[in-house]
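Thank you all for coming.

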Amino acid sequence: MKDDTVNLMRARRLGVLTQHEMIALVHADCPVCRSEGMSAHSQVTLTHGDKSVVATLYQVTEDWFPIGSVGLTDQAWERLDLEDGALVRVTHAPPLASLSYVRERIFHDGLTDAQIRSVVSDIVRGAYSDIHLTAFVTATAAKPLATREVISLTRAMIDTGDQIDWGVTPVADKHCVGGLPANRTTPIVVSIVAANGLLIPKTSSRAITSPAGTADTMETLTRVDLDRDELRHVIEKEGGCFIWGDAVDFSPADTAIIRVERALNFDSAGSMVASVLSKKIAAGATHVVIDIPVGPTAKIRNRLQARELADLFRTVALTFGLKLRIEVTDGSQPIGRGIGPALEARDVRAVLKRSPDAPQDLRDKSLALAGAVLELTGKVPEGDGIAHAIETLDSGKAWDKFLAICKAQGGVFDPPVAKFQRPVNASRNGRVASIDNQRLARVAKLAGAPDDKAAGLDLHVKIGDTVCQGTPLYTLHTETIGELSYVLNYVKSNPDIIELTR
C-alpha cells in the first residue's frame with residue numbers, strides 16, 4: 001500500500017518572481033532530499049492535490065530556512081494553487097524521453113513528427129528547465145530545421161495550445177519578422193483594416209532581440225494583457241485588437257521558447273516560421289501578410305535570404321490552408337523616429353492623428369502593408385489597396401477605430417516621458433551613408449528599453465541626409481543617470497553607428 005505521508009514537506013512562499021521558471025528551495029539537511037538522493041539542480045516534481053509542476057531544486061545551508069519546508073517561487077505557488085502551510089509532495093521528476101530526441105538532433109539527423117510532438121508536449125507541461133530549453137533552442141538554430149520539421153513544430157505548437165474559430169472568413173492578420181528598430185506599423189495597419197469592416201485579431205509579442213515589440217509599445221497606450229474571453233469581446237465589438245499573445249495561451253510552447261531566445265539574443269528561421277504561423281492559425285486567421293525587411297544590418301541581410309524565408313513561410317502556410325502574401329521591404333534603416341516603447345507609441349499616434357510632423361516613412365509603409373491586407377482578403381481589387389488605405393487614414397476613420405479598440409481593451413493612456421534626455425551629435429560635417437540597425441538597437445536597449453517604457457532614442461537623420469558638425473544625430477532617453485552614463489560610454493566607443501561620408 002502506498003504511504004501518502006512519504007516525501008511531504010510544508011510549503012513556504014518565497015515571494016520571488018522568476019517569470020516562467022519553477023524553483024524549489026530546501027535546506028541541505030532536508031531528510032527527504034537525503035533519503036531520495038536529491039541534490040542542488042535536481043529536477044523534482046511538486047504535487048499538491050491533483051496539480052503538479054516540475055521544478056529545479058536549490059539548497060540552503062544556513063539555519064534561517066527550516067528543515068522540512070520547501071520554498072516555492074511565485075510561479076510554482078500559483079500553478080499549484082497553494083495556501084500557507086499546505087503540504088506538498090516532493091519526488092524525483094521522471095526521466096524525459098524527449099530529451100534524448102534533443103540530444104539526437106544535436107549530434108545526428110532531424111526529428112520525426114512524433115519526436116517533435118513529444119518535445120513540445122513536455123515543454124508545455126513545464127517539464128523542461130531553462131537548461132533543457134536552451135539545448136532545444138540551440139539544437140534547432142545551429143542546425144536549421146528541415147521543412148518537414150518546421151511543419152511538425154508548427155502543428156505541435158497549434159495542437160498543444162488554445163484555438164479560436166471566428167465562424168467567418170476572411171480573418172486577417174499581419175506580422176513582421178523583425179530585426180528592424182522601430183518599424184511599428186502594426187497598430188496603424190490594424191486600425192485601417194478594422195475600420196474597413198474586416199476582422200483582424202492581432203496578437204503581438206514582446207521584444208525578443210529588439211528594444212520593443214508591438215505589445216511593449218501598445219502597453220504604453222492601452223491594456224494588452226487580455227484573456228481569451230476579453231479578446232473575443234473586443235473583436236466582436238470593434239473588429240480588431242492590440243493584445244499580448246502570451247496572455248491568451250494560443251501557443252504556450254512558443255512562449256517558453258521565445259523567453260529563452262530572448263535571453264540568448266537569437267532565433268532561427270525554422271522556429272520563427274513555426275512561431276508566427278502557429279499563433280496566426282490558432283488565433284483563427286485565414287489571410288496573413290508577412291513583412292520581411294531586408295538590409296545589411298537587418299535580421300534578413302539580402303534578397304536570397306528573404307526569398308528562402310518567404311518560400312518556407314509559403315510552404316508551411318499552404319500545408320495548413322493559410323492564404324499568405326509576402327512583402328519584402330527596405331530594411332536599410334529604422335522606420336519612424338522613436339526606438340523604444342513610448343517613443344514608438346508617440347510616432348504611431350502621430351501617423352493616425354495625421355499630425356504634420358508624423359514620420360512619413362512610417363506612414364508610407366503602414367499604408368502599403370494595410371493595402372496588401374485589403375487586397376489579399378478581397379476587400380478591394382488588386383492594385384487599389386494603398387489608395388483605399390490612404391482614404392481610410394486621411395478621413396480620420398483609422399484614428400477613430402484605434403481609439404475605439406483601445407477603449408474596449410481598457411482605456412487610452414498617455415505614453416510616459418523619460419527623465420533624462422541627451423543628444424548625440426555629429427562629430428564632423430558629412431552625409432549619412434549608413435545606419436547600423438543592430439548597434440542602434442543596442443543603444444536603445446542599453447538606455448533601458450523595453451523594460452523602462454520611456455527609454456530608448458529619437459533618431460533625427462535618415463540615409464542621404466547632410467549634417468553639420470554638432471547636429472544631433474539622435475537623442476538618448478533614459479530613466480536613470482547611471483543608464484545615461486553607461487550608454488554614452490558605449491556610443492563613444494562606437495562612433496560609426498551612424499556612418500558619415502564627406
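Predicted model: local features only at pLDDT ≥ 70, side-chain atom pairs only at ≥ 80, totals over all residues.

What I would like to begin with is a cluster in which Phe242, Trp399 and Phe402 are linked by ring pairs, where rings of Phe, Tyr and Trp (its six-membered ring) pair if their centres lie within 6.5 Å, and planes under 30 degrees apart count as stacked, over 60 as edge-to-face and the rest as tilted. Residues are numbered from 1 along each chain as its sequence is written, and side-chain values use heavy atoms, with hydrogens and water left out.

The structure holds 3 aromatic pairs. In one of them, the ring centres of Phe242 and Phe402 are 5.4 Å apart and the planes are at 45 degrees, so this pair is tilted. It links distant parts of the chain, since Phe242 sits in strand β9 (residues 240-244) and Phe402 in helix α16 (residues 397-409), 160 residues apart; helices (H or I, at least four residues) and strands (E, at least two) are DSSP runs, numbered from the N terminus.

For Trp399 and Phe402, the ring centres are 5.7 Å apart and the planes at 15 degrees, so that pair is stacked.

Are these residues buried or exposed? Trp399 and Phe402 are both buried, meaning under 20% relative accessible area, with exposed being over 50% and partly exposed in between (1.4 Å probe, protein chains only). Phe242 is buried too, at 3%.
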